[in-house]
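Look through the structure below.

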Amino acid sequence: MFSTSLLKQKFFWLITISILGISAVQYFFSDTPDLQEIDRELYYFPIFVAAMRYGMRGTMIALAAVYFVYIPFIVHTWKGSIEHQSARILDLIFYFMFAFGAGYLADRDRRIRAELERNRLIISLGRITSAIVHDLKNPLISMIGLLERLSKGKGDCMTYIPVILKDAYRMKRIVDDVLDFARPVKLNREECSLASVIRQAVEMCREKAEKAGIRIGTDLADIQTSADSFLLERALINVISNAIEASSRGSEVDISLRRDDDSALIAVRDHGSGMDQETIDHCFEPYFSRKKGGNGLGLPITKRIIEAHGGQVEIRQPKSGGTLFKIFLPV
Ligand SMILES: Nc1ncnc2c1ncn2[C@@H]1O[C@H](COP(=O)(O)OP(=O)(O)O)[C@@H](O)[C@H]1O
Ligand SMILES: [Mg+2]
């Protein structure tokens, strides 16, 4: 209990000072029995605080401290009357019973809390694992089906191979996302042009946008900064993909880059379905997805990458509909 870090704790001082204060009143007002009577009851306070803060071990140490100052006082003021003597002995017994009870309850409460926390972890681990397995299962089943047909000489290789390849890439993306999320973000910073990083991310989403009939418009200022261009591109791809997925055919996704005080502001604006409050509140939590086939890792990964750069992500709901993602990066 008495480690150096403990000495810095306010509870340690609260307990120590109250024991010393109560004892000082006992010693200095030894001819005022009424005051002493009330003062003695106050010893329960530091014992209780020690139980709540440090559990059984802390309570027993606080009790030892109380005994350490109180027993010499009893010896010093030992009087002949049997009532007086038994009252002092009873004090010591009651302090012990109280300390033991409070320490036991505090320890039991801690154990229950730790158990609950462990259970919560196991439940969320199970949820995450089943979400990953579920994501991997669909492309895997499709691949097995196609490969089985091919192995029996049915179907056409040239038609099946691109489908199998697409499923394999889908599985790879899921594995990459999970790994990205599980690993701590390590930045390889280099001086780079943010406009180039954005253009690169747009290129990666071009095919997806064309298939969905979405036009991507860009308005990019020339801003240089030190960043991990690879990770930044990944973060942007996630946001742009979401914007495309939320948009309806024929609409536009606008991406702009400009200076905003001492930050660079990347804005990704779509005119799609928009986000309700529940989605805004939870979309940065891992595995939160409202899409069929979505894995809910895109935005959590984006947020981690941007925050690792010292930046932040904000979501706005423009009055005219759609969603606006604002990414601030320090420059
Ligand atoms: N531009 C957007 N417009 C509407 N909803 C969005 C947009 N971006 C993200 N969302 C919502 O946030 C959820 C989480 O996004 P994300 O983490 O990328 O996971 P996923 O795309 O796999 O669902 C999405 O399922 C979607 O409901
Ligand atoms: Mg996504």
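α8 (229-246) gives the most to the lining of the largest pocket, with eleven residues. Helices here are DSSP runs of H or I with at least four residues, strands are runs of E with at least two, and both are numbered from the N terminus. The model is predicted, with pLDDT of at least 70 needed for local features and 80 or more for side-chain atom pairs, while totals for chains, interfaces and linings use all residues. Residues are numbered from 1 along each chain as its sequence is written, chains are lettered from A and ligands numbered from 1 in the order in which they are written, and side-chain values use heavy atoms, without hydrogens and water.

The lining of the largest pocket comes to 49 residues, and those nearest its centre are Arg173, Lys208, Ser241, Asn242 and Glu245. Besides α8, the elements that give two or more residues to this lining include α5 (82-151) and α6 (157-182). The volume is about 2,100 Å³. A pocket is an open set of points on a 1 Å grid over the protein atoms alone, where a 1.4 Å probe fits, with protein on both sides within 12 Å along at least five of seven lines; lining residues have an atom within 4 Å of a point. Points are joined across faces, edges and corners, and the volume is the space filled by probe spheres set on them.

α8 also lies across β2, β4, β5 and β7, at about 25° to β5. α7 lies across these strands too, at about 175° to β2. Such angles run from 0 to 180 degrees between N-to-C directions of axes fitted to C-alpha atoms, for helices over the stretch in contact.

The strands belong to an open, mixed sheet of five, in the order β2-β4-β5-β7-β6. β2 and β6 are at the edges with a single partner strand each, so one side of each has no neighbour in the sheet. Strands count as paired when DSSP finds at least two bridges between them. β2 and β4 are parallel, with six bridges; β4 and β5 are antiparallel, with seven. β5 and β7 are also antiparallel, joined by eight bridges.

The largest nonpolar core has 41 residues, and Ile240 and Leu257 have the most contacts inside it. Such a core is a set of buried Ala, Val, Leu, Ile, Met, Phe, Trp, Tyr and Cys residues joined through side-chain atoms within 4.5 Å; buried means under 20% relative accessible area, with a 1.4 Å probe and protein chains only. A second, separate core of 19 residues includes Phe12 and Tyr70.

Methods
Buried means under 20% relative accessible area, exposed over 50%, partly exposed in between (1.4 Å probe, protein chains only). Contact means heavy atoms within 4.5 Å.
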